[in-house]
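Welcome to this guided tour!

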Amino acid sequence: MCARPLPNSQKFLTLPPRKHLGALGGDLEWRSTCTMWEDFKKFLEKANVVGLALAVIVGGAAGGLVKAMSDDFLMPIIGAALPDGDWRKYTLDVGSIKFGVGDFVGVFINFAIISFIAWQIGKLFMKPEPPAPPAPPTKSCPFCVSTIPAAATRCAHCTSQL
């Protein structure tokens, strides 16, 4: 986009030398706008910010879908199984304090259902890591006590015949 840097008169500010920024160099000066955007673009590419943003968007949409399935299909069945159909409005009254027990239980059940479904979806898309290959068999050299391959007939460290 910008092939050449802006002239010195268009730079923002020149900072005095900073000795505590040793790894960054002594003299720091504000870079031109072009370089700033190039650095920002490199940061976005290196940090994979776009992929993370897309994952958050898709995750939010999937969360909404699972919550709707839980609220519209599973919670009515749970509500019908309980004696009082309006169980989400149940409160525990202790004096003048009212605890929303029914609402808490409903939110907890939604969380459990959503977590279970997300776990099942995750299992579909994530492949398990293959097991690590077993370490090659080794033995100890009786002369120098170095670890050597089990099939060795001569020690690689002290060259003794085994």
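This is a predicted model: local features need pLDDT of at least 70, side-chain atom pairs count only at pLDDT 80 or more; totals for chains, interfaces and linings use all residues.

**Stop 1: the whole chain**

Select the chain and switch to a cartoon view. You can find three helices and four strands here. Walking from the N terminus, the elements come in the order α-α-β-β-α-β-β. Now colour by burial: of the 162 residues in the chain, 12% are buried. If you take contacts between residues at least 6 apart in sequence, 18% of them join residues at least 24 apart.

**Stop 2: confidence colours**

Next, colour by pLDDT, the predictor's confidence in each residue. The chain has a mean of 75, and 77% of its residues reach 70 or more. Which elements have the lowest and the highest mean pLDDT? Helix H1, residues 33–47, has the lowest at 78, while strand S2 has the highest at 89. Then select residues 1–6, where pLDDT is below 50; this stretch has five contacts in the model beyond near neighbours in sequence.

**Stop 3: a nonpolar patch**

Select Tyr 90, Leu 92, Val 94, Ile 97 and Phe 99, and show their surface. Together these residues make a nonpolar surface patch of about 480 Å². Which strands each supply at least two residues of the patch? They are strand S1 (92–94) and strand S2 (97–99). Zoom in on Phe 99, which sits in strand S2. Why does Phe 99 count as partly exposed? Its relative accessibility is 42%, and partly exposed covers the range between the buried cut-off of under 20% and the exposed cut-off of over 50%.

**Stop 4: two positive phi angles**

Now select Val 145, in the loop between strand S3 (138–140) and strand S4 (147–149). Its phi is positive, about 60°, although Val 145 is not a glycine. Is Val 145 buried or exposed? With a relative accessible area of 62%, Val 145 is exposed, because the cut-off for that word is over 50%.

Thr 159 is another residue other than glycine with a positive phi, near 60°.

Methods. Residues are numbered from 1 along each chain as its sequence is written. Side-chain values use heavy atoms; hydrogens and water are left out. Patches are made of residues with over 30% relative accessible area and no salt bridge: like charges are joined within 9 Å, nonpolar side chains (Val, Leu, Ile, Met, Phe, Trp, Tyr) within 5 Å. Accessible areas come from the Shrake-Rupley method with a 1.4 Å probe; for residues, only the protein chains shown count as cover. A salt bridge is a side-chain nitrogen of Lys or Arg within 4 Å of a carboxyl oxygen of Asp or Glu. Buried means under 20% relative accessible area, exposed over 50%, partly exposed in between (1.4 Å probe, protein chains only). Contact means heavy atoms within 4.5 Å. pLDDT is the predictor's confidence in each residue, from 0 to 100.
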